[in-house]
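Here is a quick tour for anyone meeting this protein for the first time. Have a look at the sequence and the fold, then read on.

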Amino acid sequence: MIRYVLYQPREDDLRCLTLFGHFGFECLPHQLVNRSIQQGFSFNILCVGETGIGKSTLIDTLFNTNLKDKKSSHFYSNVGLKIQTYELQESNVQLKLTVVKTVGYGDQINKEASYQPIVDYIDAQFEAYLQEELKIRRSFLEYHDSRIHVCLYFISPTGHSLKSLDLLTMKTIDSKVNIIPLIAKADTISKSDLQIFKCKIMSELAHNGIQIYQFPADDETTAHVNSSMNEHLPFAVVGSMEEVKVGKRMVRGRQYPWGVLQVENENHCDFVKLRDMLLCTNMEDLKEQTHRQHYERYRCYKLLKMGFTDVGPDNQPISFQETYEAKKQEFYDRCLREEEELKHRFMQRVNEKEAAFKEAEKELQDKFEHLKRVQQEKIMKLEEERRQLEEEIIEFYKMKASSETLQPPVCTNLRKDKDRRK
Ligand SMILES: Nc1nc2c(ncn2[C@@H]2O[C@H](COP(=O)(O)OP(=O)(O)OP(=O)(O)O)[C@@H](O)[C@H]2O)c(=O)[nH]1
Ligand SMILES: [Mg+2]
């Protein structure tokens, strides 16, 4: 008999060797880059914010394209979502961009369930991905992954504090999506107020245990810039597609009677910081966090709910097959139990009905006997009356016969009357 000994080298057993010569696997990263460029990229943004807060303008400004979004009404009775997908191209890189925006957010008097459509949408995208994963024939190459990679949360530039709706929504979705908080229309708030407002927002988020997305500081190429950007959160943004003349240059900005706010000037607002962090530096990390953290949480919750588990009751690892078999047996036993219960209930009802029928039959029989007795008594009474009547008739005829024998014949008297008239 052959015995196999499984040898698994430990990390520190692995030897690093430098090869002399060209073998070709140094091109592996190029293969990945080429394949990614061929397949194209996709990115899904969710914009949550009150009606008219500047969601569409900011997205247009981010991609420097007029995505032609209509303004929403303030009179929707419920919060809704508007989903738009665009194919964008920069150099030879294709980006399939999906933008999901809230409609009517913050317009209802009762805002209790305002976050529900947002939560439902995020979960529905996770569910679609999970269903694709669980399919026997999976087609991830053609599958459009619609999971939300980032949520841009637009905070009103009140300068005071977060609204309870902001806290409630962010608290509910922070375990499902990467949240980047933004102070919208930051040109409406002064520089000193803005700094105080930023600190207030961050302390309120921390106080309420709301997790926002932190730009990762574990990759040394981006660690420095990312950690300094984390200090600037929430980003104070201004959106505008208008070209304004500043000196001899045309820049995107907002013209005011006292001057121009340049959208892409880092001294004026954090728009460039947001664009760099979102599109240049951390898009891949946002996608990875979505898959590794948020989707993983959803997947784990769903599979546990379906009864799958990694360890059995005795804390021993349990395979998918074993769980499936155990579940099948459990289901079979439950079916048997339910069948038995149903049979028992059925027999009980049959017996009850039978007893009720017997009772009703007995009642009917008694009633019939009683009616029969009454009937017989009536017949006997009638028989007696008939007998008496017959006796009376016989007596009557007898009397009649005897009275006829006593009277003279009527015809002689009649002839005498005729003769007298003549
Ligand atoms: N001052 C200022 N105004 C802005 C800014 N961004 C957008 N606006 C203006 O605010 C108004 C509404 O902007 P939209 O981008 O349509 O807002 P929205 O959130 O998409 O609105 P709905 O889709 O209707 O909910 C427009 O008149 C914009 O010009 C900004 O950063 N500062
Ligand atoms: Mg809009």
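## The overall picture

The protein chain holds 10 helices and 9 strands, where helices (H or I, at least four residues) and strands (E, at least two) are DSSP runs numbered from the N terminus. This is a predicted model, in which local features need pLDDT of at least 70 and side-chain atom pairs count only at pLDDT 80 or more, while totals for chains, interfaces and linings use all residues. Residues are numbered from 1 along each chain as its sequence is written, chains are lettered from A and ligands numbered from 1 in the order in which they are written, and side-chain values use heavy atoms, leaving out hydrogens and water.

## Shape

How does the radius of gyration sit against that of a globule? The protein chain has 48 Å, whereas a compact globule of 422 residues would be near 22 Å (taken over C-alpha atoms; the globule rule is 2.2 Å times the number of residues to the power 0.38). Along its principal axes, the C-alpha trace spans about 170 × 90 × 45 Å.

## The coiled-coil stretch

An unreviewed UniProt entry annotates residues 336–399 as "coiled-coil region"; such annotations may be inferred rather than shown by experiment. In the model, that span is 100% helix and 0% strand, with its end C-alpha atoms 93 Å apart.

## A look at Thr 323

Thr 323 belongs to helix α9, residues 320–406. Thr 323 is buried, at a relative accessible area of 5% (buried means under 20%, exposed over 50%, partly exposed in between, with a 1.4 Å probe and protein chains only). Beyond its neighbours within four places in sequence, Thr 323 is in contact (heavy atoms within 4.5 Å) with Gly 307, Phe 308, Thr 309 and Ile 318.
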